[in-house]
Amino acid sequence: MEPQARPRRVTIVDVARHAQVSTTAVSKVLRNAYGASPEMRAKVRRAIDELGYRPNAGARGLRGQTYTIGVMLPDIRNPFFPEILDGVTTSLADTEYQVLLGPGCNGEKEEARVTEAMIDRGMDGIILVAPISSRGHMESVGTAVPTVVIGRHGASPAYDTVTDDDVEGAALVVGHLAGLGHRRIAHIEHHETDPTRLTEMPNARRADGYRRAMRNHGLEEWIDVVSTSYTQEGGYRGTMELLARPVRPTAVFAGADIVAMGVLEAVAEAGLSVPGDLSVAGYDNTTFAAFGPISLTSVDQAGRELGRNAVRLLLERIAERGRPSAQVTLSPTLVPRRSTTRPAK
């Protein structure tokens, strides 16, 4: 029995014939370009659907665009990053662009491998979410392809940035807990030693904001920071260390909701309760925080808005490579829930 011949790929010429329009008209519709009437767009879209036409990404790349956007996520297990991705995909829903994800795996070598692969495959733009890469590497990426960096403070002419005001977000948490009467407020941060990342990364900014806020509330003597990692395990280890203190804290500010998950695990294992024995606050306002049995007080840094702003800046840079770089900073809000209350007497 002879093997069946592979079906011929539907081309732009086939679509034009089926829709009874020119190939130029089809091209305009595919590029969402000016000059195609609503009626023509409807005819072409109908022909595309009926024929099952799919643009050849390689051929489009040879013409200068692949209509693909690469998104590098440092950790696919962190429940906050899908919020950003939702904002990205929603903003691109009515365009020809497709989003392709690459895991950075919380490592500089891994991030470099992913971003270089995106560049090699001719992606039209790249969004880097909370990268730990060096400034030099990010600038080399931004020089090669339009790039937006989410979650890294600082500015560069090579790329645009979208960030949350992490210092203000930390101040909101400390102010909330101090207002409830807490004095022994501890913070679990992500351990960092790199000088540049100490000034640019969200975790470092939040730890700095915590210290500033404690001093502003007259609580300098109670400043207590445990350095672990922005993971559930890091939250667990940090909490076990805090609970072993001769005088343990009455409240813990976890630098991220995923860290707070580990805090809750350690508190339960120690036979204590939240918020009866320990008030807990997180950062990111993920779906996990809003889950009824958890009800975690958390800072909302508007993940979807971070993603939407990143797309806006990226499309602007794709259209105009030479424009000055832009920096967008969003204002966080605090969402109080049942995990925080007044300290036990």
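**A helix pair and its surroundings**

Analyst: Let's start with the pair: where α8 passes α10, the crossing is right-handed. Keep in mind as you look around that this is a predicted model. Two packed helices are described by the angle between their axes and the distance between the axes. Here, α8 covers residues 166-179 and α10 covers residues 202-216. Their axes are 7 Å apart, and the angle between them is about 45°. An angle under 35 degrees would count as roughly parallel, and roughly perpendicular runs from 65 to 115. The two helices are therefore oblique to each other.

Now for the residues that touch. On the α8 side, they are Asp166, Val167, Ala170, Ala171 and Val174. From α10 come Pro202, Arg205, Arg206, Gly209, Tyr210, Arg212, Ala213 and Met214. Sort the residues of this contact by class and you get eight nonpolar, four charged and one polar.

Let's step back for a moment to the whole chain. It has 14 helices and 12 strands, and its C-alpha atoms fill a box of roughly 80 × 45 × 45 Å along the principal axes. There are 345 residues, and 49% of them count as buried. Take the contacts with a sequence separation of 6 or more: 68% of those link residues 24 or more positions apart.

There's another helix pair to look at, this time α1 (residues 12-19) with α3 (residues 38-51). Their axes cross at roughly 120° and come within 9 Å. That angle makes α1 oblique to α3, and the crossing is right-handed. On the α1 side, the contact uses Asp14, Val15, His18 and Ala19. The α3 side brings in Lys43, Val44, Ala47, Ile48, Glu50 and Leu51. By class, this contact has six nonpolar, three charged and one polar residue.

While you're at α1, have a look at what is tucked away there. Its buried residues are Asp14, Val15, Ala16 and Ala19, and they pack against α2 (23-30) as well as α3. Just after α1 comes Gln20, which takes a positive phi of about 60°.

The side chain of Arg45 makes a polar contact, at 2.6 Å, with the side chain of Glu96. Glu96 sits in the loop between α5 (81-91) and β2 (98-103). With a relative accessible area of 17%, Glu96 is buried.

If you leave out its neighbours within four places in sequence, Ser91 is in contact with Arg308 and Val311.

Glu233 and Asp160 are 73 residues apart along the chain, and their C-alpha atoms are separated by 33 Å. Glu233 is exposed, with 53% relative accessibility.

Finally, a few spots in the backbone. Tyr67, in the loop between α4 (57-62) and β1, has phi near 55°, a positive value in a residue other than glycine. Tyr67 is also buried, with a relative accessible area of 9%. Further along, Asn285 lies in the loop between β9 and α13. Asn285 is not a glycine either, but its phi is positive, about 50°. At 16% relative accessibility, Asn285 counts as buried. Pro275 is in the loop between α12 (257-269) and β9 (279-283). The peptide bond leading from Val274 to Pro275 is cis, with omega near 5°.

Notes
Residues numbered from 1 in each chain as written. Predicted model: local features only at pLDDT ≥ 70, side-chain atom pairs only at ≥ 80, totals over all residues. Heavy atoms only, no water. Axes fitted to C-alpha atoms, helices over the stretch in contact; angles between N-to-C directions. Helix = DSSP H or I, 4+ residues; strand = E, 2+ residues; numbered from the N terminus. Parallel < 35°, antiparallel > 145°, perpendicular 65-115°, else oblique. Left-handed = near helix turned anticlockwise from the far one by under 90°. Contact = heavy atoms within 4.5 Å. Nonpolar A, V, L, I, M, F, W, Y, C, P; charged D, E, K, R; others polar. Buried < 20%, exposed > 50% of the residue type's maximum accessible area, 1.4 Å probe, protein only. Polar contact = N/O pair within 3.5 Å; in protein donor to acceptor, adjacent residues only side chain to side chain.
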